[in-house]
Amino acid sequence: MSAHLPVLLIVVPLLAAPLAALVRHPRGSWVVALGASWWALGVSIALLMRVLADGTISYEIGGWAAPWGIEYRIDVANAFVLLIVSGIGAVVTPYARVSVEREVEAARIPLFHTAFILCLTGLLGIAVTGDVFNVFVFLEISSLSAYALIALGQDRRALTSAYQYLVMGSVGATFIVIGIGLLYVMTGTLNMADLAVRLPEVAATRTIPVAFAFLTVGICLKLALFPLHLWLPNAYTFAPSSVTAFIASTATKVAVYMLLRFFFTVFGAAFSFDVMQLDMVLMPLALVAIVSMSLVAIYQQNAKRLLAYSSLAQIGYMILGISLASVTGVTAGILHLFNHALMKGALFMTLGCVMYRVGSVRVEAMAGLGKTMPWTMAAFVIGGLSLIGVPLTVGFVSKWYLVLAALEQGLWPLAVVVLLGSLLAVMYVWKVVEVAYFQPPPDGDPPAEAPLSLLVPTWALVVANLYFGIDAKLTAGVAMRAAEALLGVGQ
Amino acid sequence: MDDRVILRVGAKFLIPFILLFALYVQFHGDYGPGGGFQAGVIFAAAFVLYALVYGLPNAERAMPPRVVYICSALGVVIYAGVGVVTLLKGANFLDYGVLAHDPEHGQHYGILFVELGVLTTVFGVMVTVFYAFAGRGRKDG
Amino acid sequence: MRLLGLYNYWVVIVLMMVGFYTIIARDNLVKKLIGLSIFQTSVFMLYISMGRIHGGTAPILMEGTDVVYSNPLPHVLILTAIVVGVATTAVGLSLVIRINEAYGTVEEDEIHSQDESL
């Protein structure tokens, strides 16, 4: 059975989703969701171990051989992404039970869990597949369920932000389909590995750069790179807490993975960066994103929105690493993918705890929480330190690699911008910490500490923040091998 | 409603044929044009026509929302279930060849069962969408 | 005349721009969704027309070996994309209905002014 793990990773959650809908009982459907997400984590770990030991895994759906049938192809890069997505899924699902019971009406909870598993399935599918059209199908599975999840937020603005996300996300996905169609016109294949072989023959035509442009814009819309980020702050702010924690730490990461896969595997680094000069587009945008989005974050009055803008800045770091197109740079990008998922997951989950007890995540509502909810706020502080990039946290590791990659190519101004971004991060994290620790709590009943079922998953991610910050050998080693696999060196 | 005799009689006459045509499209969907998606939409169209002519309450009696809801989830289970059966028989996911004594018959069965799953879900979702949209304004006045 | 010979691409481009313009320029949420549908439809046309082969017939197996078939793969892909488009429109419209219930309007500027006054 272990030969079928790549497809079982997708099929078990896919079967679990309708089962969760059929159960029709809040707790029952949650148990189904929990089983599916933990199954996905187990399979992802097994797959990563196998890829690290034996190399690339290929699986033919329906027994049809690769260029004709759909192939699931797993190398170190997507095995790592699978681990991120399923890991966050496995931590957020236990958290979701209590959080969702508070924020979503009971009749909708089974459907919430259905949509949640479908979203997880879609994201895992994007990472696992080796077929470009299959990428689009899974992308839409995850996006459509994400729109529904965001619309379940309590505020009525959740509806408008889900609508905005739907329109922009669909435009982005359609751009991706156009790009894929143009690639198919020129090569007659949809398999990524096969495309990589056939594209160089036709790379000189006018069609391929057009396809490249459509794919770039479409994927950048999905990963919310400045200036295509307009859907993100509202969607993160008004979604239910557990949805924000899940989507913020997985959806944009998977989109970054798509970018890596298309530009390095399908088009090849030489075409993307030497012929099309992608770095000339990505690098300035990444730098603007880091500085401007951090500045905007400082002025936010809603802690969730503050973190959403910080996410946009952090996406800038990932893209900056990728745009360097060196092994160290791509390593830094992939590493930050993992690390940012850990820190933003933890931070948004602490805000979920605050939402549960206080009922608001506006900064001024968090006054005095350092005393009344010490564990929650301690988790926020550690997550915030990680966001800044203080040593002994994961944030430091990825920034270290990023600065290293910039200096390697003599681009010291980039290193300066990275450090400037950290300074700005100090300012917006401090804004929340100051209110929570140095302002007296409002009169009346002080809120109690968050329940254990929320705190334990949150602290699981916080501990991961510290653990992988102290012992970066594992993550950095895997990220380095993933970067080498993508760039096609050192095999 | 009672004065639209032509509509009522016409709909009653048409609906069985629409349902039959849906099944025709479904069962010719293995090696010919057709298949579960189209069949599911046609099948749902019959109930939408019924609801338009006889009113939503009657349609909901004929096809209760609960059944429709179960259908839309059940289809995915059928679809993925076929894949799991092929896995259990030792082949790859959705490799229909092992479903019968020889691969050709296996492909026939596999496609028909998978399309049955698609039909169930598409029918369920289409009618759910119709009920949801048609029911909204009515309840809120 | 060469440009006219590629009329299928002109159809695609015109539809695409009409749809895209509607998405950007209209304030009405339903009209935006209509624009999105037109935009997606243009892509369907792109795929379907590229599967066509001159003198090719529908790809249903026939007797004889000298039959030229059109390429069925783009058509199958677009069948999937149509389903996705239907799902997107359905989700979008249900969001619009709920927005209408929450705000009493489907005009974007009126929704914005209501939220700002909160």
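**Entry 1: α3 and α14 in chain A**

I began with the residues where two helices of chain A meet. On the α3(A) side I listed A:F80, A:I84, A:I88, A:V91, A:Y95, A:S99 and A:R102, and facing them in α14(A) I found A:I334, A:L337, A:F338, A:A341, A:G345, A:M349, A:G352 and A:Y356. Sorted by class, this contact comes to 11 nonpolar, 3 polar and 1 charged residues. A reminder to myself: this is a predicted model.

Next I looked up the geometry. Helix α3 covers residues 76–103 and helix α14 covers residues 327–358, and the two pack at an angle of about 0° with their axes 11 Å apart. Angles under 35 degrees count as roughly parallel, so I put α3(A) down as roughly parallel to α14(A).

**Entry 2: α6 of chain A against α4 of chain C**

Then I went across to another chain. Helix α6 of chain A (residues 157–187) packs with helix α4 of chain C (residues 72–103) at an angle of about 160°, and their axes are 9 Å apart. The cut-off here is 145 degrees, over which a pair counts as roughly antiparallel, and α6(A) and α4(C) are therefore roughly antiparallel to each other. I also noted the handedness: α6(A) passes α4(C) in a left-handed crossing.

Who makes the contact? From α6(A) I wrote down A:L159, A:T160, A:A162, A:Y163, A:L166, A:S170 and A:V177. From α4(C) come C:A81, C:T88, C:V91, C:G92, C:L95, C:V96, C:R98, C:I99 and C:A102. By class I got 11 nonpolar, 4 polar and 1 charged for the contact of α6(A) with α4(C).

**Entry 3: chains A and B**

For this contact I noted 15 residues from chain B and 13 residues from chain A. The side of chain B that touches chain A divides into 11 nonpolar, 3 polar and 1 charged.

I checked the loop between α8 (207–222) and α9 (231–238), which is where A:P227 sits. A cis peptide bond joins A:F226 and A:P227, with omega about 0°. A:A224 lies in that loop between α8 and α9 too, and it has a positive phi of about 60° although it is not a glycine.

Is A:A224 buried or exposed? I found 27 C-beta neighbours inside 10 Å, so A:A224 counts as buried.

A:L392 is another non-glycine with a positive phi, this one about 80°. I located A:L392 in the loop between α16 (374–388) and α17 (394–408) of chain A. With 14 C-beta neighbours inside 10 Å, A:L392 counts as partly exposed.

Methods. Residues are numbered from 1 along each chain as its sequence is written. Chains are lettered from A and ligands numbered from 1 in the order in which they are written. This is a predicted model: local features need pLDDT of at least 70, side-chain atom pairs count only at pLDDT 80 or more; totals for chains, interfaces and linings use all residues. Axes are lines fitted to C-alpha atoms, for helices over the stretch in contact, and angles run from 0 to 180 degrees between N-to-C directions. Helices (H or I, at least four residues) and strands (E, at least two) are DSSP runs, numbered from the N terminus. Angles under 35 degrees count as roughly parallel, over 145 as roughly antiparallel, 65 to 115 as roughly perpendicular and the rest as oblique. A crossing is left-handed if the near helix is turned anticlockwise from the far one by less than a right angle, and right-handed if clockwise. Two residues are in contact if their C-beta atoms, placed from the backbone, lie within 7 Å. Ala, Val, Leu, Ile, Met, Phe, Trp, Tyr, Cys and Pro count as nonpolar, Asp, Glu, Lys and Arg as charged, and the others, Gly among them, as polar. A residue is buried if 20 or more other C-beta atoms lie within 10 Å of its own, exposed if 12 or fewer, and partly exposed in between; C-beta atoms are placed from the backbone.
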